[in-house]
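Here are my notes on this one, in numbered points. Have the viewer open as you read.

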Amino acid sequence: MAREIRIEISEEAYEALQKAAAARHLAAEDYAGDVLHADLTRTRFIEGARSFVHQHGDAFAARYGRPAAHPTGT
């Protein structure tokens, strides 16, 4: 079920939103929803990856080894 939210943003942010939406041939509201959904999906993915590493990282490293150090030290 879709839900509606109401937020306030600055005029500058709204103008940028309109331009970005127009470039994708979307209404500003639809584009804002897409961006929010993508951000929340990314956040859930990152949290899941962190949880996996926390739970299984040592066992994975024991079996497959740790990554080699980057030659420049970064």
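1. The chain has 2 helices and 0 strands, where helices (H or I, at least four residues) and strands (E, at least two) are DSSP runs numbered from the N terminus. Its radius of gyration is 20 Å, well over the 11 Å that the globule rule gives for 74 residues, so the chain is more spread out than a compact globule. That radius is taken over C-alpha atoms, and the rule is 2.2 Å times the number of residues to the power 0.38.

2. Before you go further: this is a predicted model, so local features need pLDDT of at least 70 and side-chain atom pairs count only at pLDDT 80 or more, while totals for chains, interfaces and linings use all residues. Residues are numbered from 1 along each chain as its sequence is written, and side-chain values use heavy atoms, with hydrogens and water left out.

3. On overall extent, the C-alpha trace spans about 50 × 40 × 20 Å along its principal axes. Of the 74 residues, 8% count as buried (buried is under 20% relative accessible area, exposed over 50%, partly exposed in between, with a 1.4 Å probe and protein chains only). The accessible surface comes to about 7,200 Å², with 56% of it belonging to carbon and sulfur atoms; areas come from the Shrake-Rupley method with a 1.4 Å probe, and for residues only the protein chains shown count as cover.

4. Now the packing. Helix H1 (residues 11-23) and helix H2 (residues 28-64) pack at about 90°, their axes 9 Å apart. H1 and H2 are therefore roughly perpendicular (65 to 115 degrees). On the H1 side the contact (heavy atoms within 4.5 Å) uses Tyr14, Leu17, Gln18, Ala20 and Ala21, and on the H2 side Ala28, Glu29, Tyr31 and Ala32. By class that makes 7 nonpolar, 1 polar and 1 charged residues.

5. Have a look at histidine 25, in the loop between H1 and H2. Most residues other than glycine have a negative phi. Histidine 25, though not a glycine, has a positive phi of about 60°. Histidine 25 is also exposed, at 75% relative accessible area.

6. Serine 10 sits in the segment before H1 and counts as partly exposed at 41% relative accessibility; its C-alpha is 15 Å from that of alanine 20, 10 residues away in sequence. Alanine 59, in helix H2, is exposed at 55%.

Note on methods
Axes fitted to C-alpha atoms, helices over the stretch in contact; angles between N-to-C directions. Parallel < 35°, antiparallel > 145°, perpendicular 65-115°, else oblique. Nonpolar A, V, L, I, M, F, W, Y, C, P; charged D, E, K, R; others polar.
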